[in-house]
Amino acid sequence: MSSSPPRFFRDSSPAGAPGRKRSQFTYRHLSQMASYSNTCPLRVVAHLDLDAFYAQCEMVRLGTPPDKPLAVQQWQGLIAINYPARSFGIGRHCTVTEAKKLCPDLISQHVATWREGDDKWAYRPDAAEHVVTDKVSLDPYRLESRRIMAVIKAHLPPSLQKVEKASIDEVFMDLSAQCHSILLERYPELANPPPYDDPTEQLPMPSSVSALDWQADTLVDLDDEHASELTDPDWDDVAILIGSEIVRDVRAAVKNELRYTCSAGIARNKLLSKLGSAYKKPNQQTVVRGRAIGKFLSGFKFTKIRNLGGKLGEEVTRAFNTEEVGDLLSVPVEQLKLKLGDDTGRWVFNTIRGIDNSEVNSRTQIKSMLSAKSFRPSINTLEQATKWLRIFAADIFSRLVEEGGVLENKRRPRTMNLHFRHGTQTRSRQGPIPSGRPLDEEALFDLAKAIFGQIVSLESQVWPCSNISLSVGGFEDGITGNMGIDAFLLRGDEAHAMRAGRPQATVGDATVGDEERPAEKRRRIDGGIQRFFARKETSHGVSHGVSNGLGSDHAAAPGKEGDMLGSSVVSESRGEAYRHHAHHEAPITADVCSRCNVSLESPEALQNHQDWHFAKDLQDAEERVNSTLASRETAAAAAAAAAPSSRTSAAAPRKRPGRPKKTERGQSKLNFG
Ligand code: TTP
Ligand code: CA
Ligand code: CA
């Protein structure tokens, strides 16, 4: 038996010496657990997602009893709804007025806002009426997110933890090494050397476990061909059970220490654990065993699988005339490659089989930061725009300081990206952030102005403008010349400019960039994932920049207002939830999203919802690029050499120098100058 990844459906015939049933797994597989090999078939990965996250933050802050319906309001819309409120049929599609009709006792808490003239965010009773002058602050939720992260980490052994913060309310944990160590403790026979010292020898079957105690976990049913057999549990079952115990303890700690509930999925990789955590909510955990993968996935439309929604999902649906995982399973990989390109075809082939070798990456937390505002009414002057650019620059800078270690010169963003919307068109320009000067608020503001100035001078029509968003990305460590994955994600012209050390904002659009892009890079990007982007952008009839890593921490949210802020990753079930609600509750209007069919109650809400798709697409594409890179590396047996990045995790939250004493916990300040 080789150490190659397991096949999708596990071979159920007993292996090993006749008469003595041996495990499916080898000594090598077992030792791979300890080194977090991402092709190890005994790998254990968990995904944790906070239930109704912003709503829980407000409940904890306000001391709201757990059974009271509460929603988080942003202007007239709702962006998070706790489960008691959901039982009244309240969802993100509701306005506050509609929600109050459904549940008169609903506590509707407006998000904190920045307000011009005041230098800190605050919870303001009159925020909802200040959509023109206020800007949403998500700092309180970021702070809670960090506290939760700290508790999770504190409950995992320091030397055996690998935790990735995937968004404001989600983490992945690779529990393999910890499970390995517990396995050896509980089953000392596993510590014996393999027969003949041959690591490809199969392990003995687990001796003392004929029935595993899954406690209250939701256990996904076994695939049909396994369900009919009385198969004894094998080591993958035991390992995942141990993982499930660990997750139960971590969830209990988060609940006991901070009063937050979350849901979790435990499986052999990120793809499946993420689907698992959304499977049963709230406050539950779902285990997807190796032998249950087929059945589990066949219950999903592939468009519900992470990264397979959106444009790529549409493309696959069109190409193969189906949305069903089951139908797509019969399509040979060559055909997928032919229709979708090599990388994407292979990626889709693996994904629908539950194969995902992407790493749980504890190195980086933040890939980009975005600050944005939708204008109602639209703005019409450079002066107005400049005022907002100052606020965005201050907002981003304060987050860079808090989260990014920028003051210690640990990490700094390399690119700035500015999107603006005029009518139905969104345009973007970006430029490198000059490395020659200290990065401060003023520097960000100056560059934002320069980029915006270019837009104004180059475009014939800018006003009225209904949305501006400013983001920084392409984070690098104090070390220069580090061309990691981020560099891969840079558009050709940016990367070019960066490598050439071009000092100032050579802002260009995607068309120019494409032409400048070196042939090799163009092939890699166009042939793969990124083209789905490009297509999306051009479908707006617009020249857009492509992601420089936008969205990982701050993708847009389809709130009713368009502060394109918010946590990033959105569970795959989201589209479903929307459709569901849209079906029986949303008012009938012409404002239907062509992507997911949800109806929204106004053109503004639709626009905001599309903002969210846009940012999520950026994020998804980045994740796909990472996954593709991971599989490519694995395939080339280069995993060991796979770029151990010199990046460090974002710095722990630290106090800003000179901050006045009287601020709320987690309070940061803007200098509106
Ligand atoms: P989600 O994890 O998608 O949703 P949730 O935590 O509110 O609910 P669930 O129990 O289903 O996981 O998003 C996390 C937070 O991100 C959410 O509390 C608010 C914010 N968000 C928005 O602001 N707008 C959105 O459209 C979505 C999906 C999320
Ligand atoms: Ca959540
Ligand atoms: Ca989430």
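1. D49 and L50 are both buried, meaning under 20% relative accessible area, with exposed over 50% and partly exposed in between (1.4 Å probe, protein chains only). The model is predicted: local features need pLDDT of at least 70, side-chain atom pairs count only at pLDDT 80 or more, and totals for chains, interfaces and linings use all residues. Residues are numbered from 1 along each chain as its sequence is written, chains are lettered from A and ligands numbered from 1 in written order, and side-chain values use heavy atoms, without hydrogens and water.

2. D49 (OD), L50 (O) and D169 (OD) coordinate the calcium ion (ligand 2) at 2.1 to 2.3 Å. Donors are N, O and S atoms within 2.8 Å of the metal (3.2 Å for Na, K and Ca); water is not among the atoms, so sites may look incomplete. D49 also bridges this ion and the calcium ion (ligand 3), the two lying 3.5 Å apart.

3. The site of the calcium ion (ligand 2) is octahedral, with angles of 78 to 171° among its 6 donor atoms. Six donors count as octahedral if opposite donors are over 155 degrees apart and all others between 65 and 115.

4. Elsewhere, 4 strands form an open antiparallel sheet in the order β14-β18-β16-β17. Strands (E, at least two residues) are DSSP runs, numbered from the N terminus, and two of them pair if DSSP finds at least two bridges between them. β14 (368-379) and β17 (425-432) are the edge strands, each with a single partner, so one side of each lacks a neighbour in the sheet.

5. Strand β16 (residues 415-422) is joined to β17 by 8 bridges, and H422 stands opposite Q425 in β17.

Technical notes:
Four donors count as tetrahedral if all angles lie between 85 and 135 degrees; four count as square planar and six as octahedral if opposite donors are over 155 degrees apart and all others between 65 and 115; anything else is irregular.
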